[in-house]
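The sequence and the structure are shown below.

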Amino acid sequence: MRLKLREGSEVPVSVISMDSRERYLWISMERIPEERFPPCMRNMLHRASEEGSNRAGAVLASFLGQAGWREDDALKLWKVFAERTGLSESLFRKWFARMNCPSCRTIKSDARGYPDLGLQGLSYCEPDGRCRDISWPVAYALDDPDWGWLKPLGRKNRVRVYNWITAREEELEVSDGLRGEIEKILAEAGSEKQIFVTKTREGGRLRIRFLVRDSELRKSVLSDLL
């Protein structure tokens with residue numbers, strides 16, 4: 001289960017393990033034409049709105065990246081959306097052929113803001129008959145779901161933690177740099193220290209941070225359980 005973090009909240013955890021594995025992005029061998037785009041993507045192109053534009057722009061860029069479009073052609077199409085919403089090309093560069101297009105479930109969900117990718121309430125998702133049979137926007141447009149290739153994206157670090165609030169084992173993904181910070185914290189934190197994980201906004205972006213506090217929380221939780 002993924003550890004859910006809200007901006008500014010501090011969740012007490014114990015680190016159970018860390019591991020790494022290579023990441024790959026599936027990309028269609030076929031360039032999917034616009035007329036076969038799912039309704040949500042067509043709506044983004046035809047009636048772009050400034051509300052939620054970062055979220056929608058990221059979703060559209062990630063879709064084009066896996067739909068077999070060349071980067072220069074995809075950027076031209078993406079700019080149809082961006083020019084109506086004032087988005088920077090840097091958002092396209094971050095998401096195109098670098099991130100997975102979110103599932104239909106994620107797109108239908110509510111979100112507090114970017115980088116969460118829920119688009120509920122923005123009138124982009126208008127399911128048609130084909131949408132009932134798929135769960136991923138890219139799959140909507142594919143004739144052959146097996147005709148694709150895997151682009152290497154580098155290593156992904158996974159941290160498994162015990163969440164002292166939910167009393168469950170959960171996990172989250174971290175960068176190589178943050179993994180190094182966690183290893184340093186684990187080496188230096190004594191038995192009287194409590195590790196917290198939080199999400200803070202730095203330079204306009206949300207980042208995961210691990211903190212160490214003097215705390216009796218672990219002892220009090222164990223007392224309650226016993």
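A polar contact is a pair of N or O atoms within 3.5 Å; within protein, one atom must be able to donate a hydrogen and the other to accept it. The model discussed here is predicted.

Serine 62 is a residue of helix 2. Its side chain reaches the backbone oxygen of valine 59 at 2.8 Å. Is serine 62 buried or exposed? Serine 62 has a relative accessibility of 0%, and it therefore counts as buried, the cut-off being under 20%.

When residues up to four places away in sequence are set aside, serine 62 touches Trp95, Met99, Asn100, Cys101 and Pro102.

## Helix 1 and its cover

Helix 1 spans residues 39–46 and is mostly covered, with six of its eight residues buried. Those buried residues are Pro39, Cys40, Met41, Asn43, Met44 and Leu45. Which elements contribute to covering them? Among them are helix 2 (53–66), helix 3 (71–85), helix 5 (104–108) and helix 6 (137–140).

In soluble globular proteins, nonpolar side chains tend to be buried together. In this model, the largest nonpolar core holds 40 residues, of which Phe37, Met41, Met44, Leu64 and Trp78 touch the most other members. Two or more residues of this core are given by each of strand 1, helix 1, helix 2, helix 3 and helix 4 (89–95). Helix 2 supplies the largest share, seven residues.

The surroundings of phenylalanine 37 can be listed individually. Not counting residues up to four places away in sequence, phenylalanine 37 touches Ile32, Arg42, Leu45, Phe63, Leu64, Trp69, Leu77 and Tyr140.

## Salt bridges

How many salt bridges does the model contain? The count comes to 19. One of them pairs glutamate 10 with arginine 213, whose closest N and O atoms are 2.8 Å apart. This pair links distant parts of the chain: glutamate 10 belongs to strand 1 (residues 10–28) and arginine 213 to strand 5 (residues 205–214), a separation of 203 residues. Glutamate 10 is partly exposed at 34% relative accessibility, and arginine 213 is likewise partly exposed, with a relative accessible area of 34%.

Glutamate 171 and arginine 158 form a further salt bridge, with an N to O distance of 3.7 Å. Here glutamate 171 lies in strand 3 (residues 168–174) and arginine 158 in strand 2 (residues 148–163), 13 residues apart. Glutamate 171 has a relative accessibility of 25% and so counts as partly exposed, while arginine 158, with a relative accessible area of 22%, is also partly exposed.

The side chains of glutamate 202 and arginine 207 meet at 3.8 Å, N to O, in another salt bridge. Both partners are partly exposed: glutamate 202 at 31% relative accessibility and arginine 207 at 32%. Elsewhere, salt bridges with shared partners connect Glu71, Lys79, Glu89 and Arg93 in one network.

Key: Residues numbered from 1 in each chain as written. Predicted model: local features only at pLDDT ≥ 70, side-chain atom pairs only at ≥ 80, totals over all residues. Heavy atoms only, no water. Salt bridge = Lys/Arg side-chain N within 4 Å of Asp/Glu carboxyl O. Helix = DSSP H or I, 4+ residues; strand = E, 2+ residues; numbered from the N terminus. Buried < 20%, exposed > 50% of the residue type's maximum accessible area, 1.4 Å probe, protein only. Contact = heavy atoms within 4.5 Å. Core = buried A, V, L, I, M, F, W, Y, C linked by side-chain atoms within 4.5 Å.
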